[in-house]
Every structure is written in structure tokens, then in C-alpha cells.
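The following exercises concern one protein chain. Each gives a task and then a solution in steps.

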Amino acid sequence: MVRQPVEHDCHGVPAMTDSRTQIDDVRSLHEVLHKAKALLLDFDGPLCSVFAGVPANRAAGDLKALLATTTQADIPPALELSDDPFDVLHYANTLTTEVARLIEATLTSHEVEAISVTQPTPYSIEFVSRSSRIGKLLAVVSNNSTSAVSAYLNRFGLAQFFSGTFARSFDNATLLKPNPFLLTQAITSLDVRPEDCIMIGDSSTDLIAAQAAGIRAIAYANKPSKLARLREHQSAGIITTMSTLLTSWDT
């Protein structure tokens, strides 16, 4: 078992209840989790922070430089200001197929490099192993590359717990979340109904994709700044630490 640092509530206060969305409510999440047959986990957030050790802005900068060299064109001002490598990927998709493939392959290389030094989200390994022992089907549903997800799962011995990985294995960025395409793939492969699934994700794109696929979601607000955004979307509850889900199994 990998030792993980203690993670605190992002507010530094005990769990609370919002008038619109329950936050870190162990009892309500216990019911939600136990009813689910399959747990679909986003990768970057619930399982790890992909670019924690290799900053995302470095990857974005490299991709923009490659894009400029390849296309011999000026980078749009809005993209020039972005530190998100996925913004570069989406822009590349508006150009030629060859450019999109090149940017996607280079992004994959950056992700695999980043995964070699990133650490698990606190309590995520315990949650995954416990959920599997209870008999839940587990799958990763991620906009990150299949190569990066597989490298991470193998690095920490987690592949045994997952029934499938539904991640980026193509250069068509329009199929990534918030498009429900990857979630639909997971539902079909696991042979479950949407209502039998719970999506655990830390972004608006996760929640939008889950709703489009007919799946309930648990929002992971691992940063205080995410709370307001995630509250805008329908969810079965909001957590600020993966320990809430782990504790929910015993409630």
C-alpha cells in the first residue's frame, strides 16, 4: 500500500451542508454509492494530479511552439494567453488532420512524462481498492491519453481493480468530455445501465458529460475555487476530499 499524505477539507472546517448541494455529506453519499453497480472515475483529479510535477503551462508552451512551427501561422491571441494544453489540442482540431494528430501525439508524450513523477490523490488508492473488494465495477473515463492512464495504473498496481479505461486514443477532440462519448463507451463495455452508474469528476466538463449520458455524478471540488463552478451543475453531492467517499462505505 502506498502511503499518502493527509488531505484536509479545502475550507479547513468540518463538512457542511449548502442549501443547494450537500457537501461532504457522508450519509447521503453512502446511499448513492451503494446503489451504484459501476463507478466511473475521472483521472486527473480523483486519481491524481497529472501535471503536478511537470507543469501544464510547460506542456502548453511546447505545443504552441510546435503548432507555430508546423503551420507557419500566428497563434490566436486567446490561445497565446492560455496555459491549458487541451486548448491547444482543441485549436489544432480546427486545422488539418495531420496537425491535430501531431499535437495529440505530442500532448500524450507530455502526459506520460508527467505521470512518471505524479503522486496519487490522497485516499484515492484506498477508495479504489475498497470499492473493488465490495464488488463495484470500476472504470477510468478521462480526456487524458490512454497511454498516460495505463502507465499510472501500472505504476501504482491499480490496473487489477479496473474493468476498463475509456480515455483519449484519438485526435478528434470533439469526442472528449463534455461530449458523453467516452461515458457511453464505458456504459456499453461494462454492460450496465446509465442509472446504475456514478461518475466522480472534478470539472464542469465531467458533470455536463455525465448529465448528457444520463448518469448521476459526484463532484470533487479539490480546490476552493471549484466549488462555485461545480455548484452550477446537477450532482448527487460535492466532496472536497476523497476520504469522504472512503468513509461513506462504512457509514
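**Exercise 1. The sheet**

Determine the order in which the strands of the sheet are arranged, and state how they pair.

Step 1. The sheet is open and consists of six strands in the order 3-2-1-4-5-6, with parallel pairing. Strands (E, at least two residues) and helices (H or I, at least four residues) are DSSP runs, numbered from the N terminus. Two strands pair if DSSP finds at least two bridges between them.

Step 2. Strand 3 and strand 6 (237-239) are the edge strands, each pairing on one side only. From one strand to the next, the twist averages 20 degrees. Such angles run from 0 to 180 degrees between N-to-C directions, and the axes are lines fitted to C-alpha atoms, for helices over the stretch in contact.

Step 3. The model is predicted: local features need pLDDT of at least 70 and side-chain atom pairs count only at pLDDT 80 or more, while totals for chains, interfaces and linings use all residues. Residues are numbered from 1 along each chain as its sequence is written, and side-chain values use heavy atoms, with hydrogens and water left out.

**Exercise 2. Strand pairs and a packed helix**

Find the bridge partner of L41 in strand 4, and name the residue in strand 3 that stands opposite V141.

Step 1. Strand 1 (residues 38-41) pairs with strand 4 (residues 197-201) in the parallel sense, over four bridges. The partner of L41 is I200.

Step 2. Strand 2 and strand 3 run parallel and are joined by four bridges. Opposite V141 stands F166.

Step 3. Strand 3 is largely enclosed by the rest of the structure, because four of its five residues are buried. Buried means under 20% relative accessible area, exposed over 50%, and partly exposed in between (1.4 Å probe, protein chains only).

**Exercise 3. The nonpolar core**

Which residues have the most contacts inside the largest nonpolar core?

Step 1. A nonpolar core is a set of buried Ala, Val, Leu, Ile, Met, Phe, Trp, Tyr and Cys residues joined through side-chain atoms within 4.5 Å. In soluble globular proteins, nonpolar side chains tend to be buried together.

Step 2. The largest such core has 77 residues, and L40 and I218 are those with the most contacts inside it.

Step 3. Contact means heavy atoms within 4.5 Å.

**Exercise 4. Helix 6**

Identify the buried residues of helix 6, and decide whether I134 is buried, partly exposed or exposed.

Step 1. The buried residues in helix 6 are S124, I125, F127, V128, S129 and S131. Helix 1 (26-35), strand 1, strand 2, strand 4 and helix 11 are included in what covers them.

Step 2. I134 lies in helix 6 (residues 124-134). With a relative accessibility of 37%, I134 counts as partly exposed.

Step 3. I134 and H34 are 100 residues apart along the chain, and their C-alpha atoms are separated by 9.3 Å. After helix 6 comes G135, whose phi is positive, near 110 degrees.

**Exercise 5. Aromatic pairs**

How many aromatic pairs does the whole structure contain?

Step 1. Rings of Phe, Tyr and Trp (its six-membered ring) pair if their centres lie within 6.5 Å; planes under 30 degrees apart count as stacked, over 60 as edge-to-face and the rest as tilted. A search finds four pairs.

Step 2. The rings of F127 and W249 are stacked, because their centres are 6.3 Å apart and their planes lie at 15 degrees. This pair links distant parts of the chain, 122 residues apart: F127 is in helix 6 and W249 in the segment after helix 11 (243-248). Both F127 and W249 are buried.

Step 3. The rings of F170 and F181 have centres 6.0 Å apart and planes at 80 degrees, so this pair is edge-to-face. F170 counts as buried at 18% relative accessibility, whereas F181, at 29%, counts as partly exposed.

Step 4. Ring pairs also link F43, Y152 and F156 into a cluster.
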